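Please consult the sequence and the structure shown here while reading.

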Amino acid sequence: MHLFLIIALLVIVSAIYSYINARWIKLPGTIGIMTLAIAGSVVTLIIDRLNPSVAKYLTVLAKNINFSTTVLNIMLGFLLFASAFNLDTRKLKKEMRPVLILSTLGVIVSTAIFGSLLYYVAQLIDIKIPYIYCLLFGALVSPTDPVAVGAIIKGSRLPASLETIISGESLFNDGIGLVLFITLLEITQSGNDNVDFAKTAILFAQEVFGGIILGGITGFLAFRLMKSINDFQTIVLVSLALVMINSLAASALHLSIPLAVVTAGLFTGGRSINIDNKDRSHQALESFWTLIDEMLNTMLFVMIGLQMVNVPFISNYWITGLIGIVILLAARWASIMLPLTFLRRSLNVNYGSINILTWAGLRGGISIALALALPDSPYRHFILAGTYFIVIFSIIVQGLTLNRVINASYKIKS
């Protein structure tokens, strides 16, 4: 299918679903759009079996979009930069300690707990899957998705401090999660006996710290360029170029693209580029990136819904998908509770916030993109279907009930 036709169909479908939701269904934006996209995919699959010519375009659209490449290599950089640029860095500094702990230690602990629990539960229900693949599954679903999180918490009643922690954590833990996923994937391909753990640790540090350094340098240079002019068109072009430079350079140098883009976004967004009191360049740039964020969000969630056309085997794994949901919630809860228990005095988080932090940790397109990127193996369909169940439950069920969990948690506290 021609590239322009793919883009045109995606935009048209996104506009239709967005209008239907805004006009009649009136669910929170991303939840309503994804629900419609999933329903549309189910109808498409049914029609495709009865009369393939009728469902031709939606089927071809879903099968011609390389979801992993589109999300990880194209959309992710812009979405992460938009979220980081519009994040209040003053609030982030106050909550930086819990953010860093949850986005690093929390992801590792969640991966280990999820992988271990899944391995033992799988044995009980007579599913044979190696432990390393259980950990790999945990690595791709443990990081919270900044796109899904940012879209859902906008309409929630989260306290400001928790909103900052959840937003900040979701921005940083993607970089850690991606590096952890790549490391475990290398182990599955080369075998435990052939892995050089010293080399792996060096590559891990290179990805993480190299990405942060790259984002800091490019962010500083772009900030100086934008602050020196008042031509808004040029400022927008510089910000767009900043995202693309970080994505290309990080990919070429084998650094973490998410961490590079997030660091650049925080650096440029945390300081005003206004030349004088009358200039409103920074506020206009914030509005521009908010619009980019919302438009790409809509298309991303439509793409997630359309992926059901590419995952017809999902019906074979619904039991393990439901088990995965329960195990992930338990792993998420434990990964917050354990750091809080040992570091309670130094963290600005109390036990009453654990349920909220657990339920607000949503998964989205990044997890599906990583699952689709898995090479062929006897366990690929198991992981992909389980990931899809987790993402659907996360966005629709957790997203719709987040405010109830917040209200219930504060009633318990009071």
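Is Trp-289 buried or exposed? Trp-289 has a relative accessible area of 0% and is therefore buried, where buried means under 20% relative accessible area, exposed over 50% and partly exposed in between, with a 1.4 Å probe and protein chains only.

## Basis of the model

The model is predicted: local features require pLDDT of at least 70 and side-chain atom pairs count only at pLDDT 80 or more, whereas totals for chains, interfaces and linings use all residues. Residues are numbered from 1 along each chain as its sequence is written, and side-chain values use heavy atoms, leaving out hydrogens and water.

## Aromatic pairs

The whole structure contains 13 aromatic pairs. Rings of Phe, Tyr and Trp (its six-membered ring) pair if their centres lie within 6.5 Å; planes under 30 degrees apart count as stacked, over 60 as edge-to-face and the rest as tilted. Phe-288 and Trp-289 form an edge-to-face pair, with 5.5 Å from centre to centre and 85 degrees between the planes. Phe-288 counts as partly exposed, at 21% relative accessibility.

Helices are DSSP runs (H or I, at least four residues), numbered from the N terminus. Tyr-317 is partly exposed at 22% relative accessibility, whereas Phe-382 is buried at 7%.

## Nonpolar core

The largest nonpolar core has 132 residues, among which Phe-67, Phe-137, Leu-140, Trp-289 and Ile-304 touch the most other members. Such a core is a set of buried Ala, Val, Leu, Ile, Met, Phe, Trp, Tyr and Cys residues joined through side-chain atoms within 4.5 Å. Ile-304 touches Met-34, Phe-67, Gly-364, Gly-365, Ile-368, Tyr-388 and Val-391, residues up to four places away in sequence not being counted; contact means heavy atoms within 4.5 Å.

## Positive phi in loops

Lys-26 is not a glycine, yet has a positive phi of about 60 degrees. Lys-26 occupies the loop between helix 1 (3-25) and helix 2 (29-50) and is exposed at 62% relative accessibility.

His-254, also a residue other than glycine, has a positive phi near 60 degrees. His-254 is located in the loop between helix 11 (232-253) and helix 12 (257-269) and is exposed, with a relative accessible area of 55%.

Notes: Helices (H or I, at least four residues) and strands (E, at least two) are DSSP runs, numbered from the N terminus.
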